[in-house]
Amino acid sequence: MIWKKPTNTFYFCVVNTDNKCIFQFIKVNAAENSALSLKLPKASNTSAVKFINSTIDIVTPTLFDFMNGVRALDLSGVQLEKFHHDALQSFESLEIVDFSNNLLTELSPGVFADVNQLRDLDISHNNLQYLERNIFENCPELRRLELYGNAIAEINREHFWIPRELDYLSIGDNRIERLQSGTFRLLRNLTVLGLRENFLRELGHDIFQGLVSLEQLDVSDNLIGRVSPGTFQGLSNLKVLMLSGNFLNTLPIGLFNNLKQLSELHLQGNEIKHINENMFHGMVNLRIVNLNGNCMLDIPPNLLISQGTSIDLDVSQNKLVSIPPRILTKMGGDVKLQNNLIDVVRSNTFRKATNISTIMLYGNKITELEDDSFDGLLNLSELYLDYNQLNDIPITLFKANPNNQLQNFDLHQLYRWKHLTSLNISSIGNIRMPVEQMKPTNLVGIDLSNNHINDLSVDFLQAIPRVNELHTVGNRIGRATLQNIKRYLHHLIHLEMDEPMDNDEREGEYVTTEEYE
């Protein structure tokens with residue numbers, strides 16, 4: 001509830017259960033409300049102020065005259081256009097300021113001159129085009145600075161002379177085209193630096209000089225086509241590096257040599273064609289490497305030789321023509337090879353990669369699965385082969401691993417196996433029946449024997465109209481399903497199944513094609 005004193009230009013707020021003072025439906029117009037003041041309730045000990053459903057075009061020197069005890073000021077989303085240079089002079093203990101999601105185009109010189117205890121400043125999602133030099137010179141305690149989503153075209157070392165305690169700096173989604181040498185060299189405590197979605201075209205060898213505490217660096221989604229060999233030299237504590245969404249087609253040898261603590265490397269969405277086999281040498285803490293969406297033709301067999309444990313390696317959406325067996329042993333539980341140009345899976349390809357639980361090979365050019373292609377995969381639980389050019393699946397495909405853990409095979413995706421005419425998935429475990437309408441397939445023969453199927457859904461039967469041979473022995477098919485088979489499979493010539501069961505039956509006799517007819 002908000003009320004206005006009848007004779008004065010004072011507005012009051014109400015304090016919520018979090019002890020935050022909430023102003024609602026406040027409207028401040030530069031022409032009409034230049035002397036407006038906001039007050040806190042007398043008995044309140046609140047230290048935070050927030051505005052909702054309010055429009056404040058300008059913050060004048062008198063607006064916050066009576067808020068000297070406030071520590072957190074939230075002016076986000078109030079359509080703020082201008083901030084008077086001494087509008088914060090009444091705040092003696094202000095530590096957190098949020099100006100995000102407004103219409104600010106500039107920050108007046110000296111606007112932060114009276115808030116030397118400021119620790120957290122958010123000016124993201126405004127229209128700032130530049131920053132005054134030394135704009136933060138009176139903010140020695142500043143720890144977090146959020147400038148994401150503005151139109152800033154330039155930053156330089158003079159912006160960061162004073163706030164040397166800065167721990168987090170985000171300048172993403174701006175218009176920065178280049179970084180000066182040593183721009184951040186005084187920020188020795190910075191742990192997170194965000195520069196994504198700018199217009200950077202190259203990274204020079206000393207632009208990150210001095211960032212000895214940096215742990216996360218994001219320069220993704222820029223226009224970077226060149227990285228100097230010494231760009232990351234000195235970033236000895238870096239743990240996460242994001243270079244995705246750029247135009248890199250090569251990586252200089254030794255680029256990551258000093259990144260001994262790096263655990264995540266994101267290179268997806270570039271144009272990389274080849275990686276030197278020593279690129280990750282000595283990076284013993286590396287756990288995630290994302291190379292998705294590049295142009296790689298092969299993977300060096302010794303690329304991950306320095307990594308003692310398994311790596312989450314994603315090489316999907318490249319131009320690989322074969323599966324690299326020596327890399328498989330380092331790829332952890334998930335093999336991500338989808339959307340490449342692989343045309344055949346050779347026998348025993350996965351024999352030594354016994355810990356694999358998921359294999360993603362969909363969207364390749366696979367025409368052949370050699371016998372024993374997946375031999376040795378006792379922990380296999382998910383296998384994706386759709387969107388390939390398979391005409392049939394060998395009967396021995398899963399027989400090589402009679403005790404494997406492949407527990408799910410989703411029949412709903414069969415329509416994506418456009419060339420598949422014969423499917424043998426007997427003794428798999430849990431076959432998921434479609435529960436909604438699916439597109440027709442080209443299958444003419446299906447073996448579903450010895451699974452845990454209770455019924456063949458109508459949606460599934462309608463999707464296999466060409467089937468002339470069907471095997472369901474060793475399942476728990478009911479009488480109603482048999483009637484649906486007769487109804488929908490008009491081309492069926494050969495059927496093998498157990499005697500259809502009623503709901504309370506558990507065993508049945510064998511039914512031949514002749515009895516079906």
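Reply: Happy to. Two strands pair here if DSSP finds at least two bridges between them, and the strands themselves are DSSP runs of E with at least two residues, while helices are runs of H or I with at least four, all numbered from the N terminus. Please keep in mind that this is a predicted model, in which local features need pLDDT of at least 70 and side-chain atom pairs count only at pLDDT 80 or more, whereas totals for chains, interfaces and linings use all residues. Residues are numbered from 1 along each chain as its sequence is written, and side-chain values use heavy atoms, leaving out hydrogens and water.

Let's begin at strand 3. Strand 2 (residues 14–15) runs antiparallel to strand 3 and is joined to it by two bridges; V14 has I22 of strand 3 as its bridge partner. Strand 6 runs parallel to strand 3, with five bridges between them, and here K20 is partnered by A48 of strand 6.

Strand 3 (20–24), strand 6 (48–52) and helix 1 (325–328) each supply at least two residues to the largest nonpolar core, which has 116 members. A core in this sense is a set of buried Ala, Val, Leu, Ile, Met, Phe, Trp, Tyr and Cys residues joined through side-chain atoms within 4.5 Å. The members that touch the most others are F51, F112, F184, F208, F232 and F256. Apart from this core lies another, of 20 residues, including L443, I464, Y488 and L489.

F51 also belongs to an aromatic cluster with F23, F64 and F91. The structure holds ten aromatic pairs, meaning Phe, Tyr or Trp rings (the six-membered ring for Trp) with centres within 6.5 Å; planes under 30 degrees apart are stacked, over 60 edge-to-face, and the rest tilted.

Leaving aside residues up to four places away in sequence, F232 is in contact (heavy atoms within 4.5 Å) with L203, F208, L217, V227, L241, L243, L255, F256 and L259.

Now look at V219, in the loop between strand 17 (216–218) and strand 18 (226–227). V219 counts as buried because its relative accessibility is 0%. G194 lies 25 residues from V219 in sequence, yet their C-alpha atoms are 6.7 Å apart.

The loop between strand 17 and strand 18 also holds D221, which is partly exposed because its relative accessible area is 32%. Most residues other than glycine have a negative phi, but D221 has a positive phi of about 55 degrees. Elsewhere, N134 has a positive phi of about 60 degrees without being a glycine; N134 sits in the loop between strand 12 (120–122) and strand 13 (144–146) and is partly exposed, at 31% relative accessibility.

Stepping back, the protein has four helices and 34 strands, and 50% of its 517 residues count as buried. Among contacts between residues at least 6 apart in sequence, 53% join residues at least 24 apart.

Terms used: Buried < 20%, exposed > 50% of the residue type's maximum accessible area, 1.4 Å probe, protein only.
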